[in-house]
Amino acid sequence: MAKGDPGGTTRSRRAAPRSRKGATGDPELVQLLTPEGERIDSATGPDGTEYRVDFTDEEYRGLYRDLVLVRKLDAEATALQRQGELGLWASLLGQEAAQVGSGRALRPQDMAFPTYREHGVLYCRGIDPIMPLGLFRGVDQGGWDPNEFKFNMYTIVIGAQTLHATGYAMGITIDGKTGTDDGEAAIAYFGDGATSQGDVNEAFVWASVFNAPLVFFCQNNQYAISEPLERQTRVPLYQRAAGFGFPGVRVDGNDVLASYAVTRTALDNARLGQGPSLIEAYTYRMGAHTTSDDPTRYRIASEVEAWQAKDPIARVKAFLEKQQIADAGFFAEVDEQARRESVHLRERVLNMPNPEPVTMFDHVYPNGSPLLDEQRAQFSRYLESFEGSNH
């Protein structure tokens, strides 16, 4: 688990030199680790903020372990769905660095608002990986306690969580929890396609006007299901922030170090009362949008292969090897741990008990309600009518 200080300076609202182009010719972005595993000491954002990380060897190894475990658990969930054990699964394959980097950048008091794909952030918040699988298996409603883990429940409605996060962040300000280093901030995750939703743009307006301590974290994986990015926007997504009155930055979303540094700085600025910001994590969805999708119908194999060369796990492994921070024994041990945990996850999913139908009423209201009690009684009588019959 990485805890190092990113060393980023507090941003300025004034115009400043733009960030340089990535070493691999990608669009303008903040990058601290190239696809070849070469470390970059620091990178400058579009507003002049300098980003860097200062991790121990153990923290570097911890980030690699996170990435491998998250990918393996995600692959196991995909396999479970293919075998009929889950109704659906939204894979994060290719987006591990954006999620682990930003997830580890969160401080314990920060609140995260996910979509339905933030399995890596969920893992970094210490939530049992079995929790979202109950939702996709249909045995529960994904009911972990958001307050316990500072991680809201998965949101299926595209973009809705950005408004939830904005309201929550406004509450942080009202409660006087900003203005100090130990203040609170919120982060809202969404995809590039969600930027076309009214909810997201409304959240931008409210967060800006009320100077909410909120980081909008957009994982631009190049496709909103089957629609490519150029059908969502004519300008880079991070530049949209300027129209709403707050800063935006594009980070190499396949670079776990840069994702960490940029997110930590943005959250720290938010908690100090400097308002919202937008991070565009420029990454790629290597697999399908969900297991009901066939990406071969709308993208070509050469594009996927080009992005595989920028694999977020491969670049960290290359870095660890070049710097002699980890050896073959370490990599084998991580792979074995990932295998064990994925097997354990599978066993637990298969042993999930089917809920009694009447339990759907249990957690609708914290203190119940007369109307709900009447509905439960009616439904119970309906179920009882089948007992001993030939229905």
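Predicted model: local features only at pLDDT ≥ 70, side-chain atom pairs only at ≥ 80, totals over all residues.
Residues are numbered from 1 along each chain as its sequence is written, and side-chain values use heavy atoms, with hydrogens and water left out. Local features need pLDDT of at least 70 and side-chain atom pairs count only at pLDDT 80 or more, while totals for chains, interfaces and linings use all residues.

**Domains**

Begin by colouring residues 6-350 as domain 1 and residues 360-391 as domain 2; these bounds come from an automatic or database domain assignment. The C-alpha centres of domain 1 and domain 2 lie 41 Å apart.

**The sheet**

Next, select strands β3, β4, β5, β9 and β8, which in that order form an open sheet of 5 strands with parallel pairing. Strands here are DSSP runs of E of at least two residues, helices are runs of H or I of at least four, and both are numbered from the N terminus. Two strands pair if DSSP finds at least two bridges between them. At the edges are β3 (111-113) and β8 (248-252); each has a single partner strand, so one side of each is left without a neighbour in the sheet. From one strand to the next the twist averages 20°.

Zoom in on β5 (residues 214-220) and β9 (residues 277-282), which run parallel and are joined by 6 bridges. Here Cys218 stands opposite Glu280 in β9.

Now show helix α1 (residues 57-82), which packs on α2 at an angle of about 125°, with the axes 10 Å apart. The two helices are therefore oblique to each other. Angles under 35 degrees count as roughly parallel, over 145 as roughly antiparallel, 65 to 115 as roughly perpendicular and the rest as oblique. α1 passes α2 in a right-handed crossing; a crossing is right-handed if the near helix is turned clockwise from the far one by less than a right angle, and left-handed if anticlockwise.

For the side chains, pick Leu63, Asp66, Leu67, Val70 and Arg71 in α1, which meet Glu96, Ala97, Val100 and Arg104 in α2; contact means heavy atoms within 4.5 Å. By class, this contact has 5 nonpolar, no polar and 4 charged residues. Ala, Val, Leu, Ile, Met, Phe, Trp, Tyr, Cys and Pro count as nonpolar, Asp, Glu, Lys and Arg as charged, and the others, Gly among them, as polar.

Move to Met170 in helix α6 (residues 160-174). Leaving aside residues up to four places away in sequence, Met170 touches Trp206, Phe210 and Ala212. A distance label from Met170 to Leu267, 97 residues apart along the chain, gives 15 Å between C-alpha atoms.

Helix α7 (residues 198-209) packs with α6 at an angle of about 15°, with their axes 7 Å apart. That makes α6 roughly parallel to α7. In the contact, α6 supplies Ala160, Thr162, Leu163, Thr166 and Met170, and α7 supplies Asp199, Val200, Glu202, Ala203, Trp206 and Ala207. The classes are 7 nonpolar, 2 polar and 2 charged residues. α6 passes α7 in a left-handed crossing.

**Helices α4 and α12**

Finally, select helix α4 (residues 130-137) and helix α12 (residues 328-350), whose axes come within 11 Å and cross at roughly 40°. α4 and α12 are therefore oblique to each other, and α4 passes α12 in a right-handed crossing. Ile130, Leu133 and Arg137 in α4 meet Leu345, Arg348, Val349 and Leu350 in α12. This contact has 5 nonpolar, no polar and 2 charged residues.

Terms used
Axes fitted to C-alpha atoms, helices over the stretch in contact; angles between N-to-C directions.
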